[in-house]
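User: Hi! I am new to reading protein structures and would like to go through one step by step. Could you help me with some questions?

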Number of protein chains: 2
Amino acid sequence: MKRLNMIAFDADDTLWHNETLFRVTQDKFRDLLLPYHDAEWIDKKLYETEMRNLALFGYGIKGFTLSMIETALELSENRIGGDVIQSLLDAAKEMLRAPVEPLPHVKDALDYCRGRFDLMIITKGDLFDQESKIARSGLDEYFKHIEIVSEKNAGVYRDLLDKYELDPKHFLMIGNSLKSDVLPLLELGAGAVHIPYHTTWQHEHVEVDESESKPYHTLEHIGLLPALIEESAWME
Amino acid sequence: MKRLNMIAFDADDTLWHNETLFRVTQDKFRDLLLPYHDAEWIDKKLYETEMRNLALFGYGIKGFTLSMIETALELSENRIGGDVIQSLLDAAKEMLRAPVEPLPHVKDALDYCRGRFDLMIITKGDLFDQESKIARSGLDEYFKHIEIVSEKNAGVYRDLLDKYELDPKHFLMIGNSLKSDVLPLLELGAGAVHIPYHTTWQHEHVEVDESESKPYHTLEHIGLLPALIEESAWME
């Protein structure tokens, strides 16, 4: 890989916490439904509903909330109380209003990268919610471009590279999801850095053979990014 | 105005029906809630809930559905049955799956414009739903750029013009909403054509003094656009 022109960052669980918020809400959901079923079954049915609705709702808090309500009706055979549905709406609003705190080391890493490279965000999900989170994070000033997409695959990344006339050989993507932030980039000949988050949504999980050498870098946290860049040939 | 470089079209209620779909669902909602309140009060409370939630949910079917559920709980003091909530979820899915038929004359107008100008869509709303509608409409091949934004105001349009390095003097926007598709463009010095739809969401309504001469064109339907372009100096 030659000198980088652009570094793109995933946002949720790369620049700030996100999955944790969903897990906390899912814990509340499980507690509310325990009078009807056991915990494991509740989790299973919620995930099934989410997957069934993904093609209609896309990713994001609003779709997740509609799926929680649908699952609550299904698991209770429509006997669920209005107060429980109201609790789910309240939980959704709490998620949408939650403070967006950058993860540790994010600001240091971005300070290092800014000035050396152009930076962009490529994030998947609900347009309105993602824009709101970027604004609340206070990080938007670091980024030349912000792209909110409905799905992250090689085709979508190729369209973005074309749009900004970027050569994949000079492009690096950084994110917590192998499936969404790493593998599609490698397919296009771009570089990728994987920074795992402590928890991954089941839907984003891919199996990787740990014994093989990998054509991408893995960092324990984003604070290690400047050292990786210094060691690599990305600034030559 | 000199020769046009780019014509941008609003999508909902300009290229295809949209508000009608919301009205049909709102009629269902009213019928379901009539056991609790009268029609006028139900409409009023739903609109109040939508406006209260707009800053959190943004525009689109998913946010509208969450607002319907919240209003149903409020108007019934949480006594609403699970079967009614399920009906609202079903209505939402029906909206999300509804066929997207271009309005009359849309294809003829686009056929005329294509080749003469670059065309783009600028539409407001839910990213996933809008992308899906553009794909279902079969019209995406006409457009060089597609921009889905969370709000349409002068600042957002200015950012788009900057992004594509477009001079407002050579830019024309076409849409059904004076508030979203016409007035912000005039503010920037761009051209605008207003093509009213037979019904306008209360939130998009603005008062216009009909006695004043207007600095934009109004057409009865999009089929009249080619003639307007021929008469104007937009191709010189």
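This is a predicted model: local features need pLDDT of at least 70, side-chain atom pairs count only at pLDDT 80 or more; totals for chains, interfaces and linings use all residues.

User: Where is His105(A) placed, and which residues does it touch beyond four places in sequence?

Analyst: His105(A) sits in the loop between H4 and helix H5 (106-113) of chain A. Asp90(A) is 15 residues from His105(A) in sequence, and their C-alpha atoms are 32 Å apart in space. Leaving out residues up to four places away in sequence, His105(A) touches His221(A), Ile222(A) and Gly223(A).

User: Which domains does the assignment give for chain A, and how many residues of domain 1 are in contact with domain 2?

Analyst: The assignment gives domain 1 (6-16 + 101-231) and domain 2 (19-97) in chain A. Taken over C-alpha atoms, the centres of these two domains of chain A are separated by 28 Å. Nine residues of domain 2 of chain A are in contact with residues of domain 1 of chain A, and on the domain 1 side the number is ten.

User: Which element gives the most to the side of chain A that touches chain B?

Analyst: Let's start with the whole interface: 30 residues of chain A are in contact with 30 residues of chain B. On the chain A side, the elements that give two or more residues are helix H2 (39-57), helix H3 (61-75), helix H4 (82-97) and helix H6 (127-137). With nine residues, the one that gives the most is H4(A).

User: What kind of axis relates the two copies?

Analyst: Chain A can be laid on chain B by a turn of 180° and a shift of 0.0 Å along the axis, with an RMSD of 0.0 Å. The two copies are thus related as by a two-fold rotation axis.

User: Why do the copies meet through the same surface?

Analyst: Here we can compare the interface residues of the two chains. The copies meet through the same surface because the share of interface residues of chain A that are also interface residues in chain B is 100%.

User: In what order do the strands of the open sheet in chain B run, and which strands stand at the edges?

Analyst: Six strands of chain B form this open sheet with parallel pairing, in the order E3-E2-E1-E4-E5-E6. The edge strands each have a single partner strand, so one side of each is left without a neighbour in the sheet; they are strand E3 (145-149) and strand E6 (217-218) of chain B.

User: Which residue is the bridge partner of Ile7(B) in E4(B)?

Analyst: Strand E1 (residues 6-9) and strand E4 (residues 171-175) of chain B pair in the parallel sense over four bridges. Within E4(B), the bridge partner of Ile7(B) is Leu172(B).

User: How many residues does the largest nonpolar core have?

Analyst: In soluble globular proteins, nonpolar side chains tend to be buried together. Among the residues with the most contacts inside the largest core are Ile7(B) and Leu172(B), along with Ile7(A) and Leu172(A). A second, separate core has 39 residues, including Leu32(A) and Ile69(B). The largest nonpolar core has 78 residues.

User: Which residue with a positive phi follows H6(B)?

Analyst: Helix H6 (residues 127-137) of chain B has buried residues, among them Leu127(B), Phe128(B) and Ile134(B). What covers the buried residues of H6(B) includes H6 and strand E3 (145-149) of chain A. After H6(B) comes a residue with a positive phi, near 75°: Gly138(B).

Technical notes. Residues are numbered from 1 along each chain as its sequence is written. Chains are lettered from A and ligands numbered from 1 in the order in which they are written. Two residues are in contact if their C-beta atoms, placed from the backbone, lie within 7 Å. Copies are superposed by least squares on the C-alpha atoms of residues with pLDDT of at least 70 in both. Domain bounds come from an automatic or database domain assignment. A nonpolar core is a set of buried Ala, Val, Leu, Ile, Met, Phe, Trp, Tyr and Cys residues joined through C-beta atoms within 7 Å. A residue is buried if 20 or more other C-beta atoms lie within 10 Å of its own, exposed if 12 or fewer, and partly exposed in between; C-beta atoms are placed from the backbone. Two strands pair if DSSP finds at least two bridges between them.
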